[in-house]
Amino acid sequence: LTTNKPSEATLEKQLAHTLGLFQMIISLFALATQLFVASKVVKSLGVVQSLLVHPILMLANFTLMTLKFNISTAMVAKTGFEMTRSIFQTSYLSSYYSLKEEVREEIKEFMEGIITPIGAVIGTILIFLFQYLLSEANITLGINIAMISMAVVMAYVIYNLQKEYTAVSSEALHLVDNTADKLNSIEILSQNGHTGNIHILIKALDSPLEKNIVKIKILEALGRLKKKRAIPTIIKYLENPSKDVQLAAVNALLQYDNIDKHFFRNAFARFSMAKSLKRLFEKSSPIETKEAIIKIMARINRHDVVEYLVELLETAPTELKRDCIGVIGHFHDLSSIKFIEPFLDSKNVGLQCAAMESLWQYGKYREEYRNRIIEDLKTLLRSKKQGENIYALKTIGTIGLHQFEEYVKKLSSSKKIAVKEAALKTLIQLQDHNAIKPFVELLLS
């Protein structure tokens, strides 16, 4: 009698094929984790907590293998190991940036060149010991228990590293004079998962010895972290003498999506903040800062900010009125037209052009605005007054009116340097790349 029982060689071939297929699938999962998941997990949890993902999942998988060991639990454990190892590796490499640059490479070489091979040798010795000391029936159980123990120890050690990691990261901020190291330290402390990082950042921010570039970076970090206890400190820096620091403080407040809820029960805090923002708005700060200030004020109380802007249109100096017109245009509210429209007839060309820029967006609803704006701009371009030419050119560039390109090219050959510079800048805004070279040459000359 003959049987169809496969030979031993065939079984080995099938097993090798199956295991190879599984390894390929596991590698694809690991690659996908590295490409699409690892960095997001590290950003969400922070470096240390991301390191914890690996031992915790391994602990669960090893426990499952101990309770029921078969090909399915082994494959689940292997898949989980490879996927979380990608996250662990990303976090591990990121942790090196908390060290000073001059020692970073040396420590990395020590860990990868000495510690990693030693770990591989110890692991191999342990496997031989299990094989020598335990019976064949108990080897798998013994190895599983050993791996569970190692996962527990690994998780415990990593968990206790959090305070040390924060301390090492903040050391450069307080002790090192190197600005690059300080900026790197701030970047690390702005990650999630730290304990006490807000206090550390605020302490550094309040130091009178810190450079503005460091203060700006700290304000950006506080904005990303969005912790309520940092808001009073950020508000304080609205009064900073540096315009760049002021803008950083305003942008930090803009990061708080629920800033209105924070001030809902704090009427005096809201009043104090609104007062600081109004004072900053009325100073000669850049238009970008003014726009950001109005966005914050609108989040806290939209009705108050509209009332405030309308009042400024009536009482403020000319320069501030011009900025108000520009800011009101960003509301994209048709009802704002009646407040801006009168400035089209203003004798001040700056106010007139600001009104043109704000009203242009409504041309699709009221075509007469666009027709009038085009005619007024033609008049200003033909004017013999240099100031009127320059304001018209800025408005053309801001709105993006390509039909004026020929007019602008003629003015780019003007003998008046200010007009020529404004014309070349406008051509660049209109995507005329040929204007870049003469513009740079003009600036250098």
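Is S190 buried or exposed? S190 is buried, with a relative accessible area of 11%, where buried means under 20% relative accessible area, exposed over 50% and partly exposed in between (1.4 Å probe, protein chains only). The model is predicted, so local features need pLDDT of at least 70 and side-chain atom pairs count only at pLDDT 80 or more, while totals for chains, interfaces and linings use all residues. Residues are numbered from 1 along each chain as its sequence is written, and side-chain values use heavy atoms, with hydrogens and water left out.

S190 sits in the loop between α7 (179–189) and α8 (197–205); helices here are DSSP runs of H or I with at least four residues, strands are runs of E with at least two, and both are numbered from the N terminus. Leaving aside residues up to four places away in sequence, S190 touches A221, R224 and L225, a contact being heavy atoms within 4.5 Å. With R224 there is also a side-chain polar contact of 3.0 Å (a pair of N or O atoms within 3.5 Å; within protein, one must be able to donate a hydrogen and the other to accept it, and residues adjacent in sequence count only if both atoms are side-chain atoms).

For α19 (residues 367–382), 16 residues should span 22 Å, and the end C-alpha atoms are 23 Å apart, which agrees. Helix α14 (residues 287–300), with 14 residues, reaches 20 Å from first to last C-alpha, close to the 20 Å expected.

The buried residues of α19 are Y369, I373, I374, D376, L377, L380 and L381. They pack against α17 (337–340), α18 (349–359), α20 (386–399) and α21 (405–411). An α-helix has 3.6 residues a turn, so residues three or four places apart point the same way. In α14, the buried residues include T289, K290, I293 and M297.

What of the cysteines? A search of the whole structure finds zero disulfides, a disulfide being a pair of cysteine sulfur atoms within 2.5 Å. C324 is in no disulfide, and the nearest cysteine sulfur, that of C353, is 17 Å away. C324 is buried, with a relative accessible area of 0%, and C353 is buried too, at 1%.

Terms used:
The expected span of a helix is 1.5 Å times one less than its number of residues.
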